[in-house]
Amino acid sequence: MSIKLTIDGKEVHARSGENIIDVASQNGVYIPSLCYVKGKPCLGTCRTCSVKVNGRVMAACTMPVADGMEIEVNDDAEIVDMRKALVELLFSEGNHNCPSCEKSGRCELQATGYEVDMMVSRFPYRFTPRVVDHASKTVFLQRDRCIFCQRCVDMVRDERTGKKIFSIKGRGTHSSIEIDAELANDMTPQQVRYASDLCPVGCIIDKTQGYDDPIGQRKFEIKSIKDRALEKEHR
Amino acid sequence: MSHSHNKNEILSHELPATPLDPKIKAERDAKIQVAMMGLCGCWGCTLSFLDMDERILGLLDKVAITRSSFTDVKRIPHRCTIGFVEGGVANSENIEILEEYRENCDILISVGACAVWGGVPAMRNVVPLEECFVEAYVESPTAVPGAKKVIPFHEDLPIITTKVLPLHEVVKIDYFIPGCPPDGDAIIKVLDDFVHGRGFDLPTEMNRYD
């Protein structure tokens, strides 16, 4: 069923059942997100896609569009700043040392930081010590950088048994990302690359991959995350 | 301006020098005073300051550069309009210099990852300071065999802070240019905007964290 709604005051048409993030990008409006992967069930963990729906703050990935909805993405200064604050929170909660990170230039968190014009975090940087996990032969976990999006937990599974390879242990400030080293050892090189590319930060690192692309020719330097998100829709 | 520096310290601008031609001095004093200071960093951002290259020439009728990698005096000799600062705060001397610099700059700008959030030196923040000292001076793998194991401590040595701090946690910082280091393009953009009264605007495509 075709429905009508407005995004930043502009009337748009959509099919019911689609989520706000997809409808917005079909209409050329970029909403940043760090956990949502188009075509996969949404996770709703990062909240970076927060928008105002009829005046209330909602995550654009989990919210299906409805007839008559009024959505504010960039028109409302408060929601623009809220999204920026959410990205800043992630930068101060983990230890995101871009200058020393293999994922720099290919990192969705970094690229999103640029899109929301983050120069510095308004929150105190915490510098929590975290242990790197080298147990698997295929990947290592740089826990400093995990943002708990749970993409790997839900979308990377052992191809034979369907078991989860990644999991989150503990709750709240004690949470940590864990890996089943035995299952991870059985991952094919393609699956390893899928998992490390799926990770929006530099937490899951493919042991065969390093600083492969020179500065200036890295993924988001060739084309920004915003252009990539909008381009997918026009294909 | 007065300095609360150490008893044995003489700053270069306090040394006896031939006075500048009064006309040149008056012209220089009438310009916008710009400085760049370095704290706990690698001076890479200061090299980016030099990467403004010949573009700085177009601003020189409006701008006078006091302390920077062009001049290499230790501290700013007088009040500045625009102060750039690279590096984080890692010891008591950094705090002293930064506080004095803040007092004497109208606009203070953090330049680079170390100034903005601590950067590479802040990698020690996840290790207790005592362990850092032990690794560096007592159990150092590169120590000369048989050398006496001493953790340096003297009243003339700055005291190391427990953690490396971003500058805005010590003094008020007005603007931030991230990057490790930021490009000379970003620095000239910011400087040019201020000189022409346009205010701070670092565009998305110039923003970088590495």
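In chain A, strand S1 pairs with strand S2 (residues 10-15) through 6 bridges, and the two run antiparallel. Helices (H or I, at least four residues) and strands (E, at least two) are DSSP runs numbered from the N terminus, and two strands pair if DSSP finds at least two bridges between them. This is a predicted model, in which local features need pLDDT of at least 70 and side-chain atom pairs count only at pLDDT 80 or more, while totals for chains, interfaces and linings use all residues. Residues are numbered from 1 along each chain as its sequence is written, chains are lettered from A and ligands numbered from 1 in the order in which they are written, and side-chain values use heavy atoms, with hydrogens and water left out.

Back to the hairpin. S1(A) and S2(A) have 2 residues between them, and A:Asp8 in the turn shows a positive phi of about 50°. Within the pairing, A:Thr6 has A:Glu11 of S2(A) as its bridge partner.

Strand S1 (residues 2-7) of chain A holds A:Ile3, and A:Ile7 is found in strand S1 as well. A:Ile3 is buried, with a relative accessible area of 2%; buried means under 20% relative accessible area, exposed over 50%, and partly exposed in between (1.4 Å probe, protein chains only). A:Ile7 is buried too, at 4%. Contact means heavy atoms within 4.5 Å. Leaving aside neighbours within four places in sequence, A:Ile3 is in contact with a set of residues including A:Val12, A:His13, A:Ala14, A:Val65 and A:Ala66. With neighbours up to four places away again not counted, A:Ile7 touches A:Val12, A:Val23, A:Ala24, A:Val29, A:Ile71 and A:Val73. For A:Ile3 and A:Asp206, which are 203 residues apart along the chain, the C-alpha separation is 44 Å.

A second hairpin in chain A is made by S7(A) and S8(A), with 6 residues between them; here A:Gly170 in the turn has a positive phi of about 80°. Strand S7 (residues 166-169) and strand S8 (residues 176-179) run antiparallel and are joined by 4 bridges. A:Lys169 is bridged to A:Ser176 in S8(A). Elsewhere in chain A, A:Phe148 has phi near 60°, a positive value in a residue other than glycine. A:Phe148 lies in the loop between strand S6 (139-141) and helix H4 (151-155).

As a whole, chain A has 8 helices and 9 strands. Its radius of gyration is 18 Å, which agrees with the value near 18 Å that a compact globule of 235 residues would have; the radius is taken over C-alpha atoms, and the globule rule is 2.2 Å times the number of residues to the power 0.38. The C-alpha trace of chain A spans about 50 × 40 × 40 Å along its principal axes. Of the 235 residues, 51% are buried. Among contacts with a separation of 6 or more in chain A, 64% involve residues 24 or more positions apart. Chain A exposes about 11400 Å², with carbon and sulfur atoms supplying 50% of it; accessible areas come from the Shrake-Rupley method with a 1.4 Å probe, and for residues only the protein chains shown count as cover.

Chain B contains 6 helices and 7 strands, in the order α-β-α-β-β-β-α-β-α-α-β-β-α along the sequence. Its C-alpha trace spans about 60 × 45 × 30 Å along the principal axes. Buried residues account for 42% of the 210 residues in chain B. Of the contacts between residues at least 6 apart in sequence, 79% join residues at least 24 apart. Chain B exposes about 11200 Å², and carbon and sulfur atoms supply 57% of that area.

Two backbone details in chain B deserve a mention. B:Cys180 and B:Pro181 are joined by a cis peptide bond, with omega about -10°. B:Pro181 is placed in the loop between strand S7 (175-177) and helix H6 (184-195) of chain B. B:Trp43, for its part, has phi near 70°, a positive value in a residue other than glycine. B:Trp43 lies in the loop between strand S1 (32-38) and helix H2 (44-50) of chain B, and at 40% relative accessibility B:Trp43 counts as partly exposed.
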